[in-house]
Each structure stands twice: as C-alpha cells, then as structure tokens.
Amino acid sequence: MDIWAWLNNQLLKMQWLSDLVKMLVEDVFGLSMQSRWGASLHFFIYDVLKIFILLAVLIFTVSWVQSYFPPERTRKILGGMQGFKANLTGALMGTITPFCSCSSIPLFIGFSSAGLPLGVTFSFLISSPLVDLASVILLASIFNWSIAIAYVAVGIVLAVIGGTLISKANMSRYVESFVLHSPVLDIPQAKLSPKDRFDYATAQVGDIFRRVWFYVLLGVGIGAAIHNWVPQAWVTSVLGQDNWWSVFVATLMGVPMYADIFGTLPVAEALVGKGVGLGTALAFMMSVTALSLPSLIMLKKVIKLPLLLFFLVIVVCGIIVIGFLFNAFSYLLI
C-alpha cells in the first residue's frame with residue numbers, strides 16, 4: 001500500500017512537479033507560498049503543467065486504441081444491438097472519445113445517418129463530453145479514485161437512462177430529415193502500420209491541445225482566483241453544502257458557459273476547497289460540459305424543439321439528482 005500511495009502521489013498527483021513549482025515560485029520569483037500571489041501562481045503553473053502532461057499521455061494512448069475502431073467499425077458494432085445493451089454500448093463508446101459537446105455533434109449526425117437507433121446516438125451524445133478516460137485520470141489526480149470511478153459510473157448511468165427514455169418516447173420524427181439522409185461512405189479500413197497509428201495518435205494530441213488549451217488556462221485561472229482570492233464565506237453563502245438550492249444554482253450557472261471538462265476540473269477543485277459540496281461542484285462541471293449553450297444551439301440545427309427540450313429536461317434532472325447524491329454520500333468517497 002505504501003508503494004501504491006507513493007506511485008499515486010508521484011505519477012498521478014505529480015508531487016514532484018508541485019515541489020519543483022514551489023521552488024520556482026519561492027526561489028526564482030521570490031514569493032512566499034503563504035501569500036495570495038505566491039499560492040495563486042503555484043496553483044496556476046502546477047495545475048496547467050499537470051493537466052497538459054496527463055492530457056498528452058492519455059490522449060495519445062486513447063487515440064492509439066481508437067485507431068482500431070474507426071466510425072464504420074463502430075457503426076457495425078452498434079448496428080447489431082438493440083435496447084439496453086445498445087444504449088450501454090453507445091454510452092461506453094462515448095467514454096473513449098475525448099470530445100467536447102460541440103465536437104460530439106458531428107459524430108451524432110454520422111451515427112444517425114448510418115441508421116443507428118436514436119436512443120443509442122443520444123446515449124453517445126450525453127456520455128462523450130461528460131465522461132472519458134482522460135477525465136477519470138484527471139479526477140483521480142485532483143480528488144481520488146473513489147470519486148473518479150463514482151463520477152464515471154453515474155455519468156454512464158445518466159447516458160443510458162437518457163438514451164432509453166428518448167428511445168421509448170419514439171421521437172425519431174423530431175430529427176431533421178437531412179440528418180437521417182446524409183450519405184454514408186462504407187469504405188473498408190486500411191491496415192494501419194504502427195507508424196500510421198503513432199502519427200494518428202500524435203495528430204490527435206495536437207488537435208485536442210489546439211481545442212482545449214484556452215479553456216484549460218481559463219479554468220485554471222478561475223480556479224486559482226477562487227482558491228486564493230474569493231472569500232470562503234461568500235462562496236459558501238451561495239453554493240455551500242448546507243444550502244438546499246446550491247445544486248440547482250450550480251447546474252443553471254453552468255449552462256450558459258462553454259468549456260471542456262479539462263477546463264472545468266480546476267474550477268471544481270477550487271470550489272470544493274472553499275467548502276462547496278462535492279455534488280454541487282460536480283453538478284456545475286457536468287452542466288458546463290454536457291449542456292453548454294453553444295452545443296445546444298448546434299444541436300437545435302439537427303433536431304427539432306420538442307426533442308431538444310426533452311433531452312434538456314432529462315440531462316438537467318439527471319445532473320441535479322447526481323449532485324444531490326454526491327452531496328449526500330460524499331463522506332463515503334472522500
């Protein structure tokens with residue numbers, strides 16, 4: 001257990017990096033770690049470097065695995081399934097795609113045009129921005145493995161339930177006709193060499209970095225400000241765990257925003273550090289990633305208003321329930 005704890009601290013939480021950044025702040029910048037400026041600078045540099053290092057390793061690994069599952073192969077796997085099994089598989093497929101909500105919509109269109117059941121495509125659409133393998137590791141690096149695994153589990157459950165309800169409601173008629181009749185190319189996968197897979201994985205790392213770097217910097221900056229500059233009394237008065245409305249407020253606050261899960265994690269970390277309930281912080285994070293206003297606007301282009309509202313109600317209610325559950329049982333996870 002001591003060896004495991006050491007590996008967890010050094011490889012996942014990167015204590016060595018924290019120590020190096022501390023030396024940088026104190027010896028190079030001449031700032032005390034006890035001061036607000038010193039603590040903020042340490043928080044910002046350490047979290048940015050840690051997130052980018054983990055992202056590079058994780059996205060490369062996940063992309064290498066993904067090179068064996070192109071969209072056409074995925075369509076064939078899902079096409080032969082029905083009901084709960086199909087929705088669960090769609091949700092699980094979403095966990096291995098490190099896309100934000102806006103980036104998931106083109107894949108949603110592709111799956112719909114390929115004839116996959118609507119419930120399956122929505123299970124994928126909910127799961128993809130909400131849960132992925134990289135977010136599991138990052139959650140564990142910020143909180144712990146119990147919280148990371150519980151978050152993934154409830155995210156998949158929400159995706160499966162959401163897809164199942166949409167399937168049972170028989171709402172295919174509310175998908176825009178151009179989505180269902182988009183041409184689908186059935187091109188056999190070329191046999192990729194290890195170099196091809198390496199190049200693909202490297203390109204994916206570069207692509208993800210170009211899409212998320214701003215949100216990571218923004219999220220870590222906000223997290224550093226909350227952690228060291230915003231009075232704890234003010235944060236807890238609005239989002240404190242004792243306030244019954246905190247989960248509702250956090251969920252609604254997240255909807256107008258647009259950020260990647262990698263950018264919202266430092267904010268959630270800072271909120272918990274200020275006494276905000278774990279469930280409230282996670283509800284905010286889930287709302288930002290799954291229900292961002294830009295993604296809803298894009299989604300409105302491919303589905304009609306009744307289906308959009310139904311999807312919105314399912315996900316909002318699911319996030320609120322998850323928030324309350326995490327607040328109620330966080331003592332078992334922390």
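Predicted model: local features only at pLDDT ≥ 70, side-chain atom pairs only at ≥ 80, totals over all residues.

Reader: Why are Phe248 and Phe324 called an edge-to-face pair?

Author: Rings of Phe, Tyr and Trp (its six-membered ring) pair if their centres lie within 6.5 Å; planes under 30 degrees apart are stacked, over 60 edge-to-face, and the rest tilted. Here the centres are 5.5 Å apart and the planes stand at 65°, so the Phe248 and Phe324 pair is edge-to-face. This pair links distant parts of the chain, with Phe248 in helix α13 (residues 246-254) and Phe324 in helix α17 (residues 305-329), 76 residues apart. Helices like these are DSSP runs (H or I, at least four residues), as strands are (E, at least two), numbered from the N terminus.

Reader: How many aromatic pairs are there by that rule?

Author: The count comes to 9 aromatic pairs. Trp244 and Phe248 are another edge-to-face case, because their ring centres are 6.2 Å apart and their planes are at 70°. Trp244, Trp245, Phe248 and Phe324 form one aromatic cluster.

Reader: What makes Trp244 exposed?

Author: Its relative accessible area is 63%, so Trp244 lands in the exposed class. Phe324, at 35%, is partly exposed.

Reader: And how do you know that Asn87 is buried?

Author: Asn87 has 4% relative accessibility, so it counts as buried. You'll find Asn87 in helix α5 (residues 83-95).

Reader: What makes the link between Asn87 and Thr164 a polar contact?

Author: A polar contact is a pair of N or O atoms within 3.5 Å; within protein, one must be able to donate a hydrogen and the other to accept it, and residues adjacent in sequence count only if both atoms are side-chain atoms. The side chains of Asn87 and Thr164 are joined at 3.1 Å, a polar contact. The Asn87 side chain also reaches the backbone nitrogen of Val120 at 3.2 Å.

Reader: Why are Asp199 and Lys195 called a salt bridge?

Author: The rule asks for a side-chain nitrogen of Lys or Arg within 4 Å of a carboxyl oxygen of Asp or Glu. Asp199 and Lys195 meet at 2.8 Å, N to O, and that makes a salt bridge. Side chains of opposite charge can pair when their charged atoms come close. A search of the whole structure finds 1 salt bridge. Asp199 and Lys195 both sit in helix α11 (residues 194-228), 4 residues apart, about one turn of the helix.

Reader: Is Lys195 buried or exposed?

Author: Lys195 is at 57% relative accessibility, so it counts as exposed. Asp199 has 33%, so it is partly exposed.

Reader: How much of the protein chain counts as buried?

Author: Of its 334 residues, 51% count as buried. The protein chain has 17 helices and 0 strands.

Key: Residues numbered from 1 in each chain as written. Heavy atoms only, no water. Buried < 20%, exposed > 50% of the residue type's maximum accessible area, 1.4 Å probe, protein only.
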